[in-house]
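Let's take a walk through this model, one region at a time. Have the sequence and the 3D view open as you read.

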Amino acid sequence: MGQANYTEGSSVVGQRIRPVQGVDKTKGKPLYPADIDLPGMLWAKILRSPHARAKILNIDTSRAEALQGVEAVITHKDVPKDRFEAKEGNEGLTILGDEVRYVGDAVAAVAAVDQNVAEEALQLIKVDYEVLPALFEPEKALHQDTPTCHPYGNVMYGDWNSPTLEYRRGNVDEGLGKADVIIEREFKQASTSGIPMEPRACVAQWDGKKLSVWDSSQRLFGVKQGLCQLFALAPDQVRVVTGNIGGGFGVKECDRHSFIAPLLAIKANKPVKLWYTREDESLDCYYRPGLTHRIKAGATKDGHLTAIQARSFYDGGAWAGFGGAEALNLAGAMCSRVMDLYHKCPDVHWEVYCVRTNHPKTGPVRGRSDVESHFPIECILDELAEEIGMDPLEFKLKHLLRAGDVLEGHLTVDILLQRGKTISSLGTEECVDAGKKAIDWDRRNKAAGQGKGPKKRGIGMAVATHNSGSTQYYKSEAKVDIDSEGRVSLLSGSTDQGSEQQTTLRQMVAEVLRLPIEAVGGISGDTDAVPLEGGPIASRTVYAHGIAVTRAAQDARSQLLKKGAELLGHSPDGVELKDGMVAVKDNHEKRLAMGEVVKGSGGMIHGEGRFSPLETPLVTQGFAATFAEVEVDTDTGKVEVLRLVSANDAGRAINPLVVEGQIQGGGAQGIGLALMEGVAYDPPTGTMLNQWFLDSGVPSILDVPDVEPIIIEPWEPTHPFGAKGCSEISVISVAPAIANAISNATGKRIYDLPMTPDKVLKVLQEGGNR
Amino acid sequence: MENSKQVRLEINGQSHELTLDCRSTLNETLRNHLRLFGTKLGCNYGGCGNCTVLMTGRPVYSCSILAVECEGVAINTIEGLSGEGELHPLQEAFADAYAAQCGWCTPAMIMAAKALLDRKADPTVQDVKIALSGVLCRCTGYTEIVKAVLQAAKGMQPQVAKRNPTGGPN
């Protein structure tokens, strides 16, 4: 690959560069898919099911179609069958089905001249349902008499008496036998999601030959591929444009809205805009699974963690990501990544029942698998340390993964195996040290709950790990074009959903070409213009795409140097790039402007770069340590987070401004997960009861302290700039740190997220601890 | 058309005569009739504040106001904030910090902040937080936003006497 060391005299990478779109965003100028306005455009609305599980016996759309202003109505009959082959393990995406699987599942869609007519038309669609029994509680799947509520069964790859997957290390019974202290706890986590502020939109236009789609998607090539498949179109017949997206957090990948708008546009023969209402967005995003974990953990009196035994019930919802495979991967990684983090725990057995229920879809949301696993593990180990009288920080540090340790890896073959590999870089200890100092860990109550008065303060911590780019299977390509005026353009398939990908990537290009950031422009987010890229998901952009981008810039650079040397009459290693020139190394007077060199090359230099995830034998992961100080009002149960110190190892920070922003944003989302967010369902019907922002809040400016970001920068050897991904590692350790701080403050533990005031009060008022 | 009314709206100092469905919200009108897409929509039920505009200098949720209520009332949106090429100090400060990540809440945050700074030249951190508490952001964690508003306040102080929100109270 060519280890390029750009640390010396780095003038762009590592700098706090202003985001390239910053000014435009302050003017409200960037266009999001919802802002696209085309002549003759129709508005679409979706009809949703009132039942959690039912067969659709008949849909009569005639009255809706007859309403003046309605131009198209679609149902499952309009969806080309068998284009997405659904089978167990890849249950596919049901765009509009002949059965519904959750309250709010999509049944039909309408395109009309305006939103009012479209909504009126929905009322006129008559659906005959045959209501069927539904499953809402995952544990019920273990009762033999529970009816099967899904074509592939209730328990993914399992049954009422056999789990979906099992993780084993050593012999857990022996391990528990060696423990002096064993604690057994039940943890619950409500279903949560990214809840970005922009509800998704898809605008579709069909001109008889080509389908153009503007879509709020983090995966524009995924959407393109899906559209080609569904409509049996060739790649040159489909264009997907994303432009700007108002937040992603994993939930804006490829979903039914990307297909419903095109179906309507083709049927109506007019452009169609489907802009989800907040209700649509709530019912058609995917959620982290609701979880119940029963965990036993054992330790010796002198501080050795000997065993962890766990059983988890995972509410996979109606579709678990893109079929069962995603839930399997998520659940597999849930066990194995945190158990790889606690490498020194010898004996582990973890069973997971991934249950298909009639709740909304689940899938990979920010921090996937590790948000799910770290809350129970970081909390039970904190409590176990307390039981044996040891500082939890020391207890955890003792058992953590170290450089050179061999990973056990994912349980499932998630395209890439981590098994047998080692971590490329890790800074967990440095994160813990830095955070510990910043919060002043010694101020922590030596005995929990010792504060006086109704308001009690405490400090808690948690560590975390997450994938950081190398083990996602999407390839990446990039191009760097230089024209005859010396203007540089980065062609990147990554989209901007808020983590400033384009700024960071352009910094890498600028660094390689020895130019200021202003000299690098770019095109992104349009499948007609940019090369293949998996998308800004899974913390992979700076890593996987960044490597491709750097290689493209290096390719352009070496073409410049070769041609420039030729024109200057020197050998290629006798010249260098400086200030937009190709100059002779020891005689900068002899030089040519980049544009002149490009002219000499025939008018355009194209640099190309590629990255393939199988190329490195090492595994890149991010690490973090979060320290929280809370004040618990024991009269009201309200928890205020006074301080949140979060030290993140994301390798070298290409742009510290951006990395700090991700730590701060992740901190706020973590506070939401800890204290506020969670879906509530009506038990008998499975109806989602929350109305986001009103019933289940996300943190407002009043709920979040100034998150204190600390950037820890071990050099990542497999990346030319030493960087890793950073946008997810920032969320994971926050909720457990807060939970542990609440325990330190009050002497009581809450095992149920979100830790809303009613739950806190209940625990405080109950005698003793769990 | 049924249920329609002629309305004269004053947006960013410009008058617009529109024939609107009485049910149209100010938000729909700004976006779909006047094609001013800078004002966003996050929920349409007053839960998130991403649709915030100024009405006689006060921040309001444009999703929760009918256009017909705005007859002759001065409305200011993000598009009206910067003059020819010159950024408002809030825009400068937001761009300088990392106060806009995905950018969706940014117009609303800036308008809510403007309403504050136009009536209080020297706000405290708590003043800023309360003034912005009606706009949700999911990306930033808010710290850089507060920093940007305070920075803008410093930049605006000598000019407060000059600036006067269109038609609004001082």
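Not counting residues up to four places away in sequence, Asn27(B) touches Thr39(B), Lys40(B), Leu41(B), Cys51(B), Ser62(B) and Cys63(B), where contact means heavy atoms within 4.5 Å. Asn27(B) sits in helix 1 of chain B; helices here are DSSP runs of H or I with at least four residues, strands are runs of E with at least two, and both are numbered from the N terminus. At 3% relative accessibility, Asn27(B) counts as buried, on a scale where buried is under 20% relative accessible area, exposed is over 50% and partly exposed is in between (1.4 Å probe, protein chains only).

A word on the ground rules: this is a predicted model, in which local features need pLDDT of at least 70 and side-chain atom pairs count only at pLDDT 80 or more, while totals for chains, interfaces and linings use all residues. Residues are numbered from 1 along each chain as its sequence is written, chains are lettered from A and ligands numbered from 1 in the order in which they are written, and side-chain values use heavy atoms, with hydrogens and water left out.

## The second largest pocket

Helix 1 of chain B turns up again here. Together with strand 1, helix 3 and helix 7 (278-284) of chain A, helix 1 (26-33) of chain B supplies at least two residues of the lining of the second largest pocket, as does each of the others. That pocket holds about 920 Å³ of space. Of its 38 lining residues, the closest to the centre are Lys45(A), Glu119(A), Thr277(A), Glu279(A) and Asp280(A).

How are pockets and cavities found? On a 1 Å grid over the protein atoms alone, a cavity is a set of points where a 1.4 Å probe fits but cannot get out, and a pocket is an open set with protein on both sides within 12 Å along at least five of seven lines; lining residues have an atom within 4 Å of a point. Grid points are joined across faces, edges and corners, and a volume is the space filled by probe spheres set on the points.

By that rule there are 8 cavities of 30 Å³ or more, and the largest cavity has a volume of about 90 Å³. Its lining includes Gln189(A), Arg288(A), Glu372(A) and Leu753(A). For the classes, Ala, Val, Leu, Ile, Met, Phe, Trp, Tyr, Cys and Pro count as nonpolar, Asp, Glu, Lys and Arg as charged, and the others, Gly among them, as polar.

| Space | Volume | Lining by class |
|---|---|---|
| Second largest pocket | about 920 Å³ | 14 nonpolar, 15 polar and 9 charged residues |
| Largest cavity | about 90 Å³ | 6 nonpolar, 2 polar and 3 charged residues |

Strand 13 (residues 290-299) and strand 14 of chain A pair in the antiparallel sense over 10 bridges, with Ala297(A) opposite Ile308(A). The two form a hairpin with 5 residues between them, and Gly303(A) in the turn has a positive phi of about 90°. Because 9 of the 11 residues of strand 14 (residues 305-315) of chain A are buried, strand 14 is largely enclosed by the rest of the structure.

Strand 14 of chain A is also joined to strand 15 (residues 347-355) of chain A, in parallel, by 9 bridges. Asp315(A) stands opposite Val355(A) there, and Gln309(A) has His349(A) as its bridge partner. In strand 15 of chain A, 9 of the 9 residues are buried, so this strand too is largely enclosed by the rest of the structure. Strand 7 (residues 165-169) of chain A runs antiparallel to strand 15 of chain A, with 5 bridges between them.

Key. Pairing = 2+ DSSP bridges.
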